[in-house]
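Please examine the sequence and the model shown below.

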Amino acid sequence: MNFEDRVAIVTGAGGGLGRAYALSLAARGTKVVVNDLGGARDGTGGSSSAAAAVVEEIEAAGGTAISNSASVTDRDAVQAMVDDVMAKWGRIDILINNAGVLRDKTFAKMTLDDFAFVVDVHLMGSVNCTKAVWQHMRDANYGRIVMTGSSTGCYGNFGQTNYGAAKLGLVGFMKSLAIEGAKNNIHVNSIIPVAGTRMTEDIMPEQMLGIYAPEKVAPAVVFLASDEAPTNTILGAGAGGYHAAHVTLTKGIMLKDEERTAETIASRFAEITDRSGETVPQSGAEQGALVMGRQDELN
Ligand code: NAI
């Protein structure tokens, strides 16, 4: 894998997972923009010191980096960050959308403001950064973009409806973007990390923090940022384990006109949800084609 002369933006890289990604990429010769708003876990406050400290670490290890404290929710500030990088280094090969916040509460107790805020940081923050680099990557005919999903987005978690909606939204964003980016060699993937960081410090016992070190997730993100990256993949990483998540489609059943009732669907629900022979369509069109291809079963 060749990372020499590559330029990466890593958002939310002032600590936790983002810091580990930034250090790993820089150690391989990538010039890194360490972006971080430097606020609290719930997104309040802000400071440039978190990003600056990671830049110091990278430089102390002989790497090249600059810090940036734009909020990913601020479209103008994100555009200014991208403009600065283009002026300084003339290219952006890699974007790791990692910045994130938490405002956990049950849906009953959650305010709509807290719901919208979390969606704004994770989903729209990643959209803002991706939009700002997209044309540059298209022009260069090269790009590697990583979205940060979550097990909550894929599988759910108590008290995280806002976070889960944002995180699976990012996977949906990735899926269409990967299709659109393919002709310009822009590969788009999602990482589903598990790591002991300030985001998980109060749910992980102390002894688990080392087992779930962010450094164990970083190789997966380096791979997704590399010239060997796949596209349209949901890659899970944590505690030394690496997995893929898929959005599958069961074979299901075809119902003729006279059978097509809610009662038939209820009585054959076990067949509809049976997982033997399930597939992973590579696009929405492919899913539609599967049903179109079975119309003769209705004759
Ligand atoms: P973290 O809290 O250490 O890192 C998040 C970083 O994003 C912080 O440094 C924060 O200042 C920054 N940030 C927040 N809002 C920002 C904004 N508007 N603009 C720029 N930067 C902003 O937590 P961690 O665990 O390193 O999280 C990184 C990503 O991984 C997040 O997207 C998180 O949702 C995701 N994740 C983490 C998991 C874990 O087990 N730690 C599990 C699943 C997903």
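The helices α1 (16–27), α4 (112–140) and α6 (161–181) each contribute at least two residues to the shell around the ligand; helices are DSSP runs of H or I with at least four residues, numbered from the N terminus. The model is predicted, so local features need pLDDT of at least 70 and side-chain atom pairs count only at pLDDT 80 or more, while totals for chains, interfaces and linings use all residues. Residues are numbered from 1 along each chain as its sequence is written, and side-chain values use heavy atoms, with hydrogens and water left out.

**The shell**
- Among the 29 residues around the ligand, L17, D36, N98, Y163 and T197 come nearest (a residue is near if one of its heavy atoms lies within 4 Å).
- The shell comprises 12 nonpolar, 14 polar and 3 charged residues; Asp, Glu, Lys and Arg count as charged, Ala, Val, Leu, Ile, Met, Phe, Trp, Tyr, Cys and Pro as nonpolar, and the others, Gly among them, as polar.

- In the side chain of D36, an N or O atom is 2.5 Å from an oxygen atom of the ligand (a polar contact is a pair of N or O atoms within 3.5 Å).
- A polar side-chain atom of R198 is 2.9 Å from an oxygen atom of the ligand.
- The protein buries 96% of the 820 Å² that the ligand exposes when taken alone (accessible areas come from the Shrake-Rupley method with a 1.4 Å probe).

**Domains**
- The domain assignment, which is automatic or from a database, gives domain 1 (7–245) and domain 2 (257–298).
- The C-alpha centres of domain 1 and domain 2 are 36 Å apart.

Methods
Polar contact = N/O pair within 3.5 Å; in protein donor to acceptor, adjacent residues only side chain to side chain.
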